[in-house]
Amino acid sequence: MFTQLDPVVRLHVVDKGSAHAIGVIERGQDQDLIWVAAIEATGEIVSVPSPHVRLLLGGAAEETAAPLPRTYEQVDRVA
């Protein structure tokens, strides 16, 4: 079952960096949740199992409700 998150949740994805979770996929009691997230640095949309996700804490409560990251076209590329 897919659940859209509103507001989005700020996360850290292991080996990818800061992200905004836009949804979760639940596949049953015996399996990890799958987080659907937009990586802030690249705009990449990834699906990540729970063991590879960490909640970003701190800052004001309204940070959790921040808009999604910049669009892919606006992301500066690092050569």
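Author: Gladly. Let's start with a definition: a residue is buried under 20% relative accessible area, exposed over 50%, and partly exposed in between. Keep in mind that this is a predicted model.

Reader: Why is E44 called partly exposed?

Author: E44 has a relative accessible area of 34%.

Reader: What makes K16 partly exposed?

Author: The relative accessible area of K16 is 41%. That value lies between the cut-offs of 20% and 50%, so K16 is partly exposed.

Reader: How do you know that E44 and K16 meet in a salt bridge?

Author: The N to O distance between their side chains is 3.4 Å. A salt bridge needs a Lys or Arg nitrogen within 4 Å of an Asp or Glu carboxyl oxygen, so the pair E44 and K16 qualifies. E44 sits in the loop between β3 and β4, while K16 sits in the loop between β1 and β2 (17-25), so this bridge ties together parts that are 28 residues apart in sequence.

Reader: How many salt bridges does the structure hold?

Author: There are two salt bridges. Besides E44 with K16, E40 pairs with R10, where the closest N and O atoms are 3.2 Å apart. This pair links distant parts of the chain, 30 residues apart: E40 is in the loop between β3 (34-39) and β4 (45-49), and R10 is in strand β1 (residues 2-13).

Reader: Why is R10 called partly exposed?

Author: R10 has 21% relative accessibility. Buried would require a value under 20%, so R10 counts as partly exposed.

Reader: What makes β1 and β2 a pair of strands?

Author: Pairing takes at least two bridges, and β1 and β2 are joined by eight, so they pair; they run antiparallel. T3, for instance, has V24 in β2 as its bridge partner. The two strands form a hairpin with three residues between them, and D15 in the turn has a positive phi of about 70 degrees.

Reader: How do you know that β2 pairs with β3?

Author: Six bridges join β2 to β3, and at least two are needed, so this is a pair as well. These strands run antiparallel, and A21 stands opposite A37 in β3.

Reader: Which elements does the protein chain have overall?

Author: The protein chain has five strands and zero helices. Buried residues make up 27% of its 79 residues.

How values were computed. Residues numbered from 1 in each chain as written. Predicted model: local features only at pLDDT ≥ 70, side-chain atom pairs only at ≥ 80, totals over all residues. Heavy atoms only, no water. Helix = DSSP H or I, 4+ residues; strand = E, 2+ residues; numbered from the N terminus. Buried < 20%, exposed > 50% of the residue type's maximum accessible area, 1.4 Å probe, protein only.
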